[in-house]
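Thanks, everyone. I'll take the ligand site, then the aromatic pairs. Here is the model.

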Amino acid sequence: MTGADKVVVVGAGLAGLRTVEELRARGFAGSVTLVGAERRAPYDRPPLSKKLMTGELDDTSLRADLESLRAEVLLGHTATGLRPGTLSTDAGDIGFDALVLSTGATPVRLPGPGPQHVLRTADDALALRALLSAGTTLCVVGAGWIGAELATAAVKRGCRVTVVEAARAPVAAAVGPEVGAWTAAWYAEAGVDLRLGEPVASIADRGVLLDNGEWLTAEVVVTAVGVRPAVDWLAGSGVELDNGVAVDGQLRTSMDGVYAAGDCASFWSARYRRRLRFEHWDVALHAPEVVAAGLLGDSAAYDPVPYFWSEQFGRMVQYVGWHGDADELIWRGNPGDGRKWAACWLQGGRLVAALTVSQPRDLLQARRLIEAGRTVDPARLADPAVAVRDSVG
Ligand SMILES: Cc1cc2nc3c(=O)[nH]c(=O)nc-3n(C[C@H](O)[C@H](O)[C@H](O)COP(=O)(O)OP(=O)(O)OC[C@H]3O[C@@H](n4cnc5c(N)ncnc54)[C@H](O)[C@@H]3O)c2cc1C
């Protein structure tokens with residue numbers, strides 16, 4: 001789209017802020033309005049379950065100079081509806097030539113009347129941190145990335161932590177049970193009681209009721225079972241929704257002049273020949289470059305090799321690629337020793353994804369091979385004495 005004079009961005013998280021920054025960096029001189037439901041200026045979420053939760057950090061703000069970006073910023077205001085050319089908000093209607101949807105995602109909650117914490121916003125994190133002190137009994141529902149990171153931080157604060165997970169392995173939904181299972185020992189090593197294969201029926205006052213009828217007492221309960229794209233307000237607007245806002249390879253929605261980026265957008269990937277939606281910081285950081293380019297008339301495409309990281313139980317876990325169509329799994333190093341290893345997925349002999357544990361160099365080299373679509377020799381890839389880049393076969 002060219003000739004936009006007035007751009008409105010909905011959602012003042014990383015993707016929203018980055019969109020404004022990219023527009024200005026590329027010389028956009030028109031007006032920009034940033035509408036965000038939270039009252040806080042844009043901030044970073046990854047530290048909320050890490051350094052902010054342990055108390056090493058209090059403020060994760062992105063330190064954006066909104067004044068020099070010459071953006072009209074409407075914080076504490078929610079978009080409620082959309083029709084071509086007009087965004088409805090609780091502060092009234094706002095007209096636009098182009099609109100960017102970057103409303104992120106909202107945590108899933110479980111049934112039950114009990115006080116149920118979630119961890120998505122800075123306010124969530126600060127309220128939760130204030131409850132976690134030495135001896136506090138904490139039950140985390142969900143052994144995904146955030147559950148694992150929260151358990152790590154809570155142990156550091158001296159809490160007694162139980163993590164209850166419906167699947168047979170931690171992080172199974174993200175990396176599969178075979179790989180996720182090797183992280184289970186990390187919980188025990190940290191003194192966390194990990195209960196696998198135990199779905200929670202409901203959250204009550206001072207505890208959770210399991211599907212099997214068992215009661216677990218806890219002073220604080222946090223539900224960390226995943227998020228849903230924050231797009232309910234778009235129902236009936238004419239913008240196509242499909243696991244979030246459906247966008248094409250250039251991040252354009254089905255409505256003329258409307259784009260989407262970040263956790264709320266499911267984009268068409270030519271690389272993987274399917275629609276994909278990631279909840280990764282890296283996507284919120286880089287997808288706005290493509291949105292801004294598109295708004296200024298350039299036809300750039302967004303088709304990354306996805307990347308994310310997680311810091312848990314003293315380990316840096318990194319994942320690059322996408323293993324959805326992989327047909328072979330190679331272990332590099334011994335996952336049983338717990339400290340440093342990697343899992344590498346191949347498809348037709350090509351490296352397509354890698355998860356590394358405290359092996360940043362392996363991750364970087366794997367990323368290059370994945371981007372280049374290189375085939376590898378499985379035996380060399382499995383040998384930690386051979387550099388990943390030298391496993392090309
Ligand atoms: C605790 C935590 C730890 C994480 N750790 C990692 C990590 O280690 N590695 C990693 O890769 N990723 C991590 N992530 C994920 C990463 O932070 C997200 O992918 C990223 O924040 C997505 O950015 P976004 O701008 O798309 O959405 P968000 O950051 O969710 O921002 C969206 C904003 O839009 C607002 N909004 C929603 N609806 C409306 C509306 N109708 N009107 C106006 N405003 C609205 C929301 O209030 C929110 O402020 C973590 C996330 C969390 C919560």
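Start with the shell around the ligand. Its residues divide into 17 nonpolar, 11 polar and 7 charged. The classes: Ala, Val, Leu, Ile, Met, Phe, Trp, Tyr, Cys and Pro are nonpolar, Asp, Glu, Lys and Arg are charged, and the others, Gly among them, are polar.

Some ground rules. This is a predicted model, where local features need pLDDT of at least 70, side-chain atom pairs count only at pLDDT 80 or more, and totals for chains, interfaces and linings use all residues. Residues are numbered from 1 along each chain as its sequence is written, and side-chain values use heavy atoms, with hydrogens and water left out.

Back to the site. In total, 35 residues surround the ligand, each with a heavy atom within 4 Å of it. The closest are Glu38, Arg45, Lys50, Arg120 and Asp263. Which elements each supply at least two residues of the shell? They are helices H1 (14-25), H4 (145-156) and H8 (281-295), plus strands S2 (31-36) and S21 (307-312). Helices (H or I, at least four residues) and strands (E, at least two) are DSSP runs, numbered from the N terminus.

Now the backbone. A polar backbone atom of alanine 79 sits 2.8 Å from a ligand nitrogen. For histidine 280, a backbone N or O atom is 3.3 Å from a ligand oxygen. Tryptophan 281 has a polar backbone atom 3.2 Å from an oxygen of the ligand. How much of the ligand does the protein cover? The answer is 93% of the 1,000 Å² of accessible area that the ligand has on its own, by the Shrake-Rupley method with a 1.4 Å probe.

Next, aromatics. The whole structure holds 12 aromatic pairs. Rings of Phe, Tyr and Trp (its six-membered ring) pair if their centres lie within 6.5 Å; planes under 30 degrees apart are stacked, over 60 edge-to-face, and the rest tilted.

Take tyrosine 187 and phenylalanine 313. Their ring centres are 4.6 Å apart and their planes at 55°, so this pair is tilted. Tyrosine 187 is in helix H7 (184-189), and phenylalanine 313 is in the loop between S21 and strand S22 (315-321), so the pair ties together parts 126 residues apart in sequence. Tyrosine 187 is buried, at 0% relative accessibility. Phenylalanine 313 is buried too, at 7%. Buried means under 20% relative accessible area, exposed over 50%, partly exposed in between (1.4 Å probe, protein chains only).

Last item. Trp145, Phe308, Tyr319 and Trp345 form one aromatic cluster.

Notes:
Polar contact = N/O pair within 3.5 Å; in protein donor to acceptor, adjacent residues only side chain to side chain.
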